[in-house]
Amino acid sequence: MSADSLSYIFLNAAIINNFVLALFLGICPILGVSGKLSTAFPMGVATAFVMLIASVSAWLINIILNHFGLEFLSLIAYIAVIASAVQLVEMTVKKFSPPLYRALGIFLPLITSNCAILGVALFQTSYEYDFVQSLFYSLGAGAGFILAIVLMAGLRERVDLADVPSIARGAAMSLMLAGVLSLAFMGFSGLGG
Amino acid sequence: MAAGQQQQPITMDTFLVGLWRENPVFVMLLGMCPVLAVTNSVANALAMGLATTFVLLCSTGMVSILRSVIPKEVRIAAYIVIIATFVTVVDYLIQAISLEIYNALGAFIQLIVVNCMILGRAEAFASRNRLSRTMVNSLGMGIGFTIALLCLGSVRELLGSGELLGYPVFGAAFEPWVIMLLPPGGFFVLGGWLLLFAWIKERQQQRAVRQRTEEAGHDVR
């Protein structure tokens, strides 16, 4: 696979350089919402959806800002678009599934400050991907995020039943689990050459 | 603190709360992404800590000044735009000061925008306190954040490459733990620090309980 084939871009974002476990982006929701599988999966999907919107808009923003020579505004423009996209998702979830809205709580509006989403916009700009490439990049990143949060939730549900020393309960345990997962994902680094 | 003596509500605690009791990294678990990503050496950790502290000070100050002007409905968006402005400033500033550090930190300078700690302080503290009090608190939080980054950075650099700030610490026979520089090392070291703090806290509680029961015993006698 060559470095700019679409399949490589997808796999690279999803597995080899997994946003959560290799690049440390979006750790807050991974630690916060991964307690139960039933909330972790919708959270992953919502984040992936916002990523897709952010990626497409970032591509448009780059063209417009380049045209007017205003590249230094790019960061502000990205974050404004992401914030509105999150608002959109929040309203949709509230309308169609109030129980899910309550379960996700504060973490739904906090998708705005999820570094993984701004990360997609920034990285695709620095790699100079064209439209289709950035589309696949953001899809891969979204898939990788869902994968990571679902794996974490599964592990944490099992750990809840295990006999863990009292000082290791909570965040410390989650971080150790994430470390082990990240260790496993390092095995993919040879994939795709 | 001179400011602490002049005005009554600003106490030493306003400053110290960020260093230990509400440390943004070890207690509140906020702003994890840069904490884990850029702490593979002490120099990077320090640069990141200072950049974040600068943005935190400027943006919470700005939020505090504008707190009566910003409408409640759009406050989050307004805060984010203020933060993004100062991050852009820092981005160009670091690029001008040291290109080496700029390249080492990469996209994580721009990602300071989405550091939840800054948004959290703007929302929880700056939006309801006056400027001087906010600045003291933000300075404490920023220093607490920097110390936490240094805690991680020093352990990872020491074990991962056997150096501290680029100077070799162990002899030539030391086999570096490369894993500490790689992503899993970040998770393990932070987990380790959290375990240590949880252990200290538990011992303190046990000692307090023991003291109380002893005192109660005295009273009965």
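Q: Which helix of chain A does A:Ile64 lie in?
A: Helix H3 of chain A, which covers residues 37–68. Keep in mind that this is a predicted model.

Q: Is A:Ile64 buried, exposed or partly exposed?
A: Partly exposed, because its relative accessibility is 46%, and that class sits between the cut-offs of 20% and 50%.

Q: What secondary structure does chain A have overall?
A: Eight helices and zero strands. Read from the N terminus, the order of elements is α-α-α-α-α-α-α-α. The radius of gyration is 17 Å, close to the 16 Å from the globule rule for 193 residues, so chain A is as compact as a globular protein of that length.

Q: What are the spans along the principal axes of chain A?
A: About 60 × 45 × 25 Å for the C-alpha trace.

Q: How much of chain A is buried?
A: Buried residues are 48% of the 193 in chain A. The chain exposes about 8700 Å², and carbon and sulfur atoms supply 70% of that. As for contacts with a separation of 6 or more, 75% are between residues 24 or more positions apart.

Q: Is A:Phe24 buried or exposed?
A: A:Phe24 counts as buried, because its relative accessibility is 4% and the cut-off for buried is under 20%.

Q: What about phi of A:Glu128?
A: A:Glu128 has a positive phi of about 55° and is not a glycine. Its loop runs between helix H6 (115–126) and helix H7 (131–161) of chain A. A:Glu128 counts as exposed because its relative accessibility is 69%.

Q: On to chain B. What are its elements?
A: Nine helices and two strands. The order from the N terminus is α-α-α-α-α-α-α-α-β-β-α. The C-alpha trace of chain B spans about 70 × 60 × 35 Å along its principal axes.

Q: What share of chain B counts as buried?
A: 44% of its 221 residues. The accessible surface of chain B is about 11100 Å², with 64% belonging to carbon and sulfur atoms. Of the contacts between residues at least 6 apart in sequence, 72% join residues at least 24 apart.

Q: How far apart are the mean positions of the charges in chain B?
A: 11 Å, for 15 positive and 13 negative charges. In chain A the mean positions of 7 positive and 8 negative charges are 20 Å apart.

Q: Where does B:Asn103 lie?
A: In helix H6 of chain B, residues 99–105. B:Asn103 counts as exposed because its relative accessibility is 59%. From B:Asn103 to B:Leu56 is 22 Å, C-alpha to C-alpha, with the two 47 residues apart in sequence.

Q: Last one, the interface. How many residues of chain B are in contact with chain A?
A: 36 residues of chain B, against 34 residues of chain A. The two chains bury about 3100 Å² between them, and 86% of that is on carbon and sulfur atoms.

Q: Which three residues supply more of the area that chain B buries than any other three?
A: B:Cys33, B:Val114 and B:Phe187, which supply 21% of the area chain B buries against chain A.

Methods. Residues numbered from 1 in each chain as written. Chains lettered and ligands numbered in written order. Predicted model: local features only at pLDDT ≥ 70, side-chain atom pairs only at ≥ 80, totals over all residues. Heavy atoms only, no water. Helix = DSSP H or I, 4+ residues; strand = E, 2+ residues; numbered from the N terminus. Rg over C-alpha atoms; globule rule 2.2 N^0.38 Å. Buried < 20%, exposed > 50% of the residue type's maximum accessible area, 1.4 Å probe, protein only. Contact = heavy atoms within 4.5 Å. Areas by Shrake-Rupley, 256 points an atom, 1.4 Å probe, with all protein chains shown as cover. Lys, Arg positive; Asp, Glu negative; His and termini not counted. Charge placed at Lys NZ, Arg CZ, Asp CG, Glu CD. Buried area = accessible area lost by both parts, 1.4 Å probe.
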